[in-house]
Amino acid sequence: MSNSDEELRRRKYEEALEVKSLRRIISAYLNYPEAAEEDVKRYERSFRRLPVAHKALLSHLPLKYQKLRRCISKNSFFIFEMLKAFEPPVDMSQDDDICDHLDDGSCGHVHLEDRDPCSCESASISGRAHSKKSDEVWAGHEDKNENCCEPESGNFAVGLECQKDAHKHGCDNTVPNKDMSSVPPESPDYLESMPHFHVPLVDVDKVRCVIRNIVRDWATEGQKERDQCYKPILEELVRHFPERSKESPPTCLVPGAGLGRLALEISCLGFISQGNEFSYYMMICSSFILNQTQDVGEWTIHPWIHSNCNSLSDADQLRAVSIPDIHPAGAGITEGFSMCGGDFVEVYNDPSQVGAWDAVVTCFFLDTAHNIVEYIVIISKILKDGGVWINLGPLLYHFADMYGQEDEMSVELCLEDVKRVALHYGFQLELEKTIETTYTTNPRAMMQNHYFSAFWTMRKKPSVHAREHG
């Protein structure tokens, strides 16, 4: 077999894996109403088992369960509208078995599902978005503690396409009804041709994680958390780039951009900002909010309904949250704003990215690495000489608990070692402090996880590039 044939075979195999992964993600979204209904039925079964006297005392609970169902319906409506807007970057009608036919060992080992659950595309006010091998999983900081992406009519255009060029961009959508075995007539063609199947509950939990992340990035209720995490970063960027000309704006990359709010806020400051996100769960949602939103408060979700624990009242648990708190297309972004989907290492460890960025911002991102040293090396490579790296977040290594998987790599360094590695790869520390933060936390809950996050600004020494290649 020639090299060109092998390359074509490998590409087909990778695309087939991506289709398989994307089907699973869409199925997780489609299964959300059914899984949520099963939870309510479980609550009702428990209520029915109560002694008569206890039922009388708690006679309000059946009404609460009916309210829960209405909240689930509102969440489902948002999800289905989001999925309807999604344009898959690959042909979703291809045969699922193609992976097995092609996987004879010649394609090597390609893993598109190697990240833990529950963070797209390029969102460009003047272009489309693309992704490179976007995986189905997002390692959310909340999960390990609570078990828990051409502008038209003023909107962003963000699509999802397999793309190695990190300066190109991508996007998604879907629609289910209460009968999860059927697809509504208005569903996109890709849904009609795509086989639907039930997925593990852990996949549906990722959907619930996305709903909570929407609050963090796009609701007034998330403002406090954004002030904790995003405001210090934005202030540092302004301090280091006081003059940002419209003719030649500074460039800023935001790996692990999640639902895109931080990258958008940076763009609004006058930077050519690009968010990078790995998870299709997040990409589908960010693309919808960035591209399809017409008004402030257009959508209503109920983000806290999936846990009965640590609630002060039923009203707190069931409360509605309006999104978005701003109209993204009218926020005043800088031309060139984009969201790039794909694995950070694969997309940006490319010769075209060397010295391409004036600033790199990492927020709750470093600990998503299999090998944090590799992240730091790439950040150093892609920064211009004298460029700044601003970081905020904990070290909750997302692969630290992958027990029983001998080939799973997880390099877990203490903060002191992380900084030492950064200094070795040509960074000098200019500012460092600890900031207390939360992450997708219900502000009215009786239990809230707080991080004492590391916050720093480092600058790449001008001599780094010469030393690396001299």
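**Reading strands, a helix face and confidence**

Student: Which residue in β12 is the bridge partner of Gln428?

Tutor: The bridge partner of Gln428 in β12 is Arg459. This is a predicted model in which local features need pLDDT of at least 70 and side-chain atom pairs count only at pLDDT 80 or more, while totals for chains, interfaces and linings use all residues. Residues are numbered from 1 along each chain as its sequence is written, and side-chain values use heavy atoms, with hydrogens and water left out.

Student: How many bridges join β11 to β12?

Tutor: Two strands pair if DSSP finds at least two bridges between them; helices (H or I, at least four residues) and strands (E, at least two) are DSSP runs, numbered from the N terminus. Here ten bridges join β11 to β12, and the two run antiparallel. β12 is also joined to β10, by six bridges and again antiparallel; Asn391 has Trp456 of β12 as its bridge partner.

Student: Is β12 mostly covered or mostly uncovered?

Tutor: Buried means under 20% relative accessible area, exposed over 50%, and partly exposed in between (1.4 Å probe, protein chains only). Of the ten residues of β12, eight are buried, leaving the strand mostly covered.

Student: Which residues of helix α16 are buried?

Tutor: An α-helix has 3.6 residues a turn, so residues three or four places apart point the same way. In α16 (residues 415-424), Val418, Val421 and Ala422 are buried. They fall within an arc of 100° seen down the axis, so they line one face of the helix; the arc is that of the directions from the helix axis to the C-beta atoms. The face turned away from this buried side carries the exposed residues Glu416, Arg420 and His424. The elements covering the buried residues of α16 include α15 (372-382), β10 (383-393), β11 (427-437) and β12 (451-460). Just after α16, Gly426 takes a positive phi of about 90°.

Student: Where does Ala219 lie, and is Ala219 buried or exposed?

Tutor: Ala219 lies in the loop between α8 (201-218) and α9 (223-229), and is buried, with a relative accessible area of 0%. Beyond four places in sequence, the contacts of Ala219 (heavy atoms within 4.5 Å) are Ile214, Arg226, Val321, Ser322, Ile323 and Asp325.

Student: What pLDDT does the protein average?

Tutor: pLDDT is the predictor's confidence in each residue, from 0 to 100. The protein averages 82, and 75% of the residues score at least 70. Over residues 102-140 the pLDDT is below 50, although this stretch has 225 contacts in the model beyond near neighbours in sequence. Where pLDDT is low, the predicted coordinates should not be read in detail.
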